[in-house]
Amino acid sequence: MANTKVAIIAANGTLFDAYKVFNVATAAAASDAEVGIFFTFEGLNLIHKEAHKNLPLPEGKEHFQEGFKQTNVPSIEELVGIAQELGIKLIGCQMTMDLMNLEKDAFINGIEVGGAATFIEYAKDANITLTF
Amino acid sequence: MNITANETLDAKGLACPMPIVKTKKAITKLQPGQVIEVQATDKGSTADIRAWAGSTGHQYLGTIEEDNVLKHYLRKATDEETKEETKHEDVINLEELRSKINGEESITILDVRESAEFAFGHITGAVNIPLGELEERFSEIDEDKEIHVICRTGNRSDLAAQKLTEKGFENVKNVIPGMTKWEGPTEKNN
């Protein structure tokens, strides 16, 4: 998969969304694919310095908490670290950051910031495009 | 089944995608051609490790389960194995080898793959000496018999056949292409 490019849009901010995004992204990167994630609207929570450490379960799904503990899934913090180590490109959506009144320093280190055109430019020759 | 690996990775208790993420990291430390044992308890890891090997070009050898632990064996890809160049001229194809095995004459089949590869399936009666150990173990080979050297794709066996010929063995044949295309009977280590 060395010549495979994966483009992901992360637009939601619960713990479930975070696992969907980071599991697929790190699995792809570990398989030698080039991976980029565009975080927009509530998806920005997944890379927010504080918020990503304590993401909420979707409403009414709080009982899954126990299952997460029992199956020993890695924490989102850990997965974000792995994602960065594997060279996954993390792009924050400028427009959403503006409307939420957030600056780049509210997010984890090493992210890029760009608009929709930045994502389109990245995704134009992607082999796999996913939206979560 | 007792299988030798150059490296062991403990990924027990870890959920997806950690077993492959850890495997990816660990395999970079291996030399090409070396074998890693990945221990995992994630039931999805068998399908994932196999798929991961397909994506990355590493060789998935097989999986065994012991005491609820899955042990996956992988061999790191090497560059020279993708080269097509063969130098040992005396070659034999798989069909010819099969009719020889079924024939009257007693022959030697020397399998020069790593012992973990051998363990997951080899031609019945074959002897295993990994290419890297060949030079120290020439004495184990019967000079009087016809020696048929085999590996996975015909490249390591080509090198082995050259080494044997240099050493003075006279009747050495390289079996091509190798175990990847072998459809005859095989056995596994116990």
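Predicted model: local features only at pLDDT ≥ 70, side-chain atom pairs only at ≥ 80, totals over all residues.
Residues are numbered from 1 along each chain as its sequence is written, while chains are lettered from A and ligands numbered from 1 in the order in which they are written.

**Confidence.** The model scores ipTM 0.77 and pTM 0.77. Chain B has an average pLDDT of 91, and 96% of its residues score at least 70. Here pLDDT is the predictor's confidence in each residue, from 0 to 100.

**Chain contact.** Twelve residues of chain B meet twelve residues of chain A. Contact means that the C-beta atoms of two residues, placed from the backbone, lie within 7 Å. H1 and H2 of chain B each supply at least two residues of the side of chain B that touches chain A. H1(B) gives the most, with four residues. Helices (H or I, at least four residues) and strands (E, at least two) are DSSP runs, numbered from the N terminus. By class, this side of chain B has eight nonpolar, three polar and one charged residues. Ala, Val, Leu, Ile, Met, Phe, Trp, Tyr, Cys and Pro count as nonpolar, Asp, Glu, Lys and Arg as charged, and the others, Gly among them, as polar.

**Helix H1 of chain B.** Seven of the ten residues of H1(B), residues 18-27, are buried, so the helix is largely enclosed by the rest of the structure. Buried means 20 or more other C-beta atoms within 10 Å of the residue's own, exposed means 12 or fewer, and partly exposed lies in between; C-beta atoms are placed from the backbone. The buried residues are B:Met18, B:Pro19, B:Ile20, B:Val21, B:Thr23, B:Lys24 and B:Ile27. Their cover comes from both chains, including H1 (15-30) and H3 (76-85) of chain A and H2 (45-56) of chain B.

**Cores.** The largest nonpolar core has 58 residues, and A:Phe22, A:Ala25, A:Ile37 and A:Phe39 have the most contacts inside it. H1(A) gives the most to this core, with ten residues. Apart from it lies another core, of 18 residues, among them B:Val112, B:Ala161, B:Val175 and B:Met179. A nonpolar core is a set of buried Ala, Val, Leu, Ile, Met, Phe, Trp, Tyr and Cys residues joined through C-beta atoms within 7 Å.

**Domains of chain B.** Chain B divides into domain 1 (7-75) and domain 2 (81-187); such bounds come from an automatic or database domain assignment. Their C-alpha centres lie 28 Å apart. The contact takes five residues from domain 1 and four residues from domain 2. On the domain 1 side, E3 and E4 of chain B give two or more residues each.

Two strands pair if DSSP finds at least two bridges between them.

| Strand pair | Sense | Bridges |
|---|---|---|
| E3(B) (59-66) and E4(B) | antiparallel | seven bridges |
| E6(B) (108-111) and E9(B) (147-150) | parallel | four bridges |

B:Gly62 has B:Tyr73 in E4(B) as its bridge partner. E3(B) and E4(B) form a hairpin with two residues between them, and B:Asp67 in the turn has a positive phi of about 50°. Elsewhere, five strands form an open parallel sheet in the order E5-E10-E9-E6-E8 (chain B). E5 (91-93) and E8 (127-128) stand at the edges with a single partner strand each, so one side of each is left without a neighbour in the sheet. B:Ile109 has B:His148 in E9(B) as its bridge partner.
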